[in-house]
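Q: I would like to go through this model with you. Could we begin once it is on screen?

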Amino acid sequence: MCICICMCMCMSCACPRRTQLTHCSHPTPPTPGAGSAFLSAGVSPAAMPLAVGACALTPSAALLLLLDRAPRPSAADVAARTARRPMGGEARRAFLRRWACGLAPLCVAYALLTGVRSLRDLFADQLFAASLGAPGGAAPGWILWTADLPGALVSAATLVAFGRIRDSHRAMQAMLSVMIAATCLALVATGAWQLGLLGGGSWQLLLGTGVFLCYATMGTPFYERLLAATRTEGTIALLVFLSDFGGYLVSFALLLAKSLSGVGGGAASAADRAREAEAALSLFIRVLWGAGGAMLVLLVVAKVAFGVSLNWRADRGPWREGDEGSCHRGVERHAA
């Protein structure tokens, strides 16, 4: 687990188990700090992503080899988390029907968070420069290197803590609580910065922690626990695909809106770059408040839905053939 967490921190994605790593499909652009360092060293903008990727390739490959030598799941692991094998089309449809009232809001929240994260990553220099009031619209190097470091450390520690929770239902509820708390942290930090209670650097560190912690918890680790809690023999490939697909749609829509708004047109003068940075920051804050508010509602709905339906499922014992609609039935029973 420690090897995989270190690797995922390097890739800005936290997936603490062997079975999760192959589904960790969250492509991340080169970090602003590494990118700016290569550009300062004379690497051309076109070759910069290749240079960053080449530097990350060796440690990533070494960690993958170490992970491949990790012990295979034991009989106790399989008993606790069920076997991981491909699911047929009918089994996938049945699983989605069973847990739609929890999965639907969670996937929408994931898509919104992916959009916020993509917007922040791709235009980090402008956002950091405007939030810090940097002259000329250029962010200082220290914020580019450190903005997401606290979030990566907190996320890794949180995933290690989740690994100590044996009961998957309890782990799911704890993860959803962490997602809600992380979203609140990002919004509260943003509000405090807007009110002048926080400096720009502190805001970016807290914002990065909230976004990173929520993002690391929301995807693969949660889906793995869902399969274990529902005693479903399958993989999380479909759930990851649906979540990422929604995230790509939201990210594309935000980038299209940003392009149409004229923000980030590549101004030459320092004054124009400063104005573009302010425009990018204004757009990001509007997106953050809108997406963050919606995420809070969606995550609370998912927490209640999963909590009620899994409690109802526990009263009925093991799964039976054709036993579907558990999520909806559990909510209906709770309401009655």
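Q: Is helix 7 mostly covered or mostly uncovered, and how many of its residues are buried?
A: Helix 7 is mostly covered, with 17 of its 23 residues buried. Buried means under 20% relative accessible area, exposed means over 50%, and partly exposed lies in between, using a 1.4 Å probe and protein chains only. Please note that this is a predicted model, in which local features need pLDDT of at least 70, side-chain atom pairs count only at pLDDT 80 or more, and totals for chains, interfaces and linings use all residues. Residues are numbered from 1 along each chain as its sequence is written, and side-chain values use heavy atoms, with hydrogens and water left out.

Q: What span does helix 7 reach?
A: Helix 7, residues 100-122, reaches 32 Å from its first C-alpha to its last, close to the 33 Å expected. The expected span is 1.5 Å times one less than the number of residues.

Q: How many helices and strands are there in the chain?
A: The protein chain has 16 helices and zero strands. These are DSSP runs numbered from the N terminus, with helices (H or I) of at least four residues and strands (E) of at least two. Of the 336 residues in the chain, 47% are buried.

Q: How many salt bridges are found in the whole structure?
A: The search finds five. Glu90, Arg93 and Arg97 are linked in a network of them. Glu90 is partly exposed at 46% relative accessible area, and Arg97 is partly exposed at 36%.

Q: What does Thr114 touch?
A: Not counting residues up to four places away in sequence, Thr114 touches Tyr215, Gly247 and Ser251. Contact means heavy atoms within 4.5 Å. Thr114 lies in helix 7 and is buried, with a relative accessible area of 9%.

Q: Changing topic, which residues touch the most other members of the largest nonpolar core?
A: They are Leu106, Met179, Met218, Phe222, Tyr223 and Phe306, in a core of 59 residues. Such a core is a set of buried Ala, Val, Leu, Ile, Met, Phe, Trp, Tyr and Cys residues joined through side-chain atoms within 4.5 Å. Among the elements that give two or more residues to this core are helix 7, helix 11 (168-194) and helix 15 (270-316). The largest share, 15 residues, comes from helix 15.

Q: What is Met179 in contact with?
A: Leaving aside neighbours within four places in sequence, Met179 contacts Leu106, Cys214, Thr217, Met218, Phe222 and Leu299. A second, separate core of eight residues includes Ala124, Ala129, Ala134 and Ile143.

Terms used: Salt bridge = Lys/Arg side-chain N within 4 Å of Asp/Glu carboxyl O.
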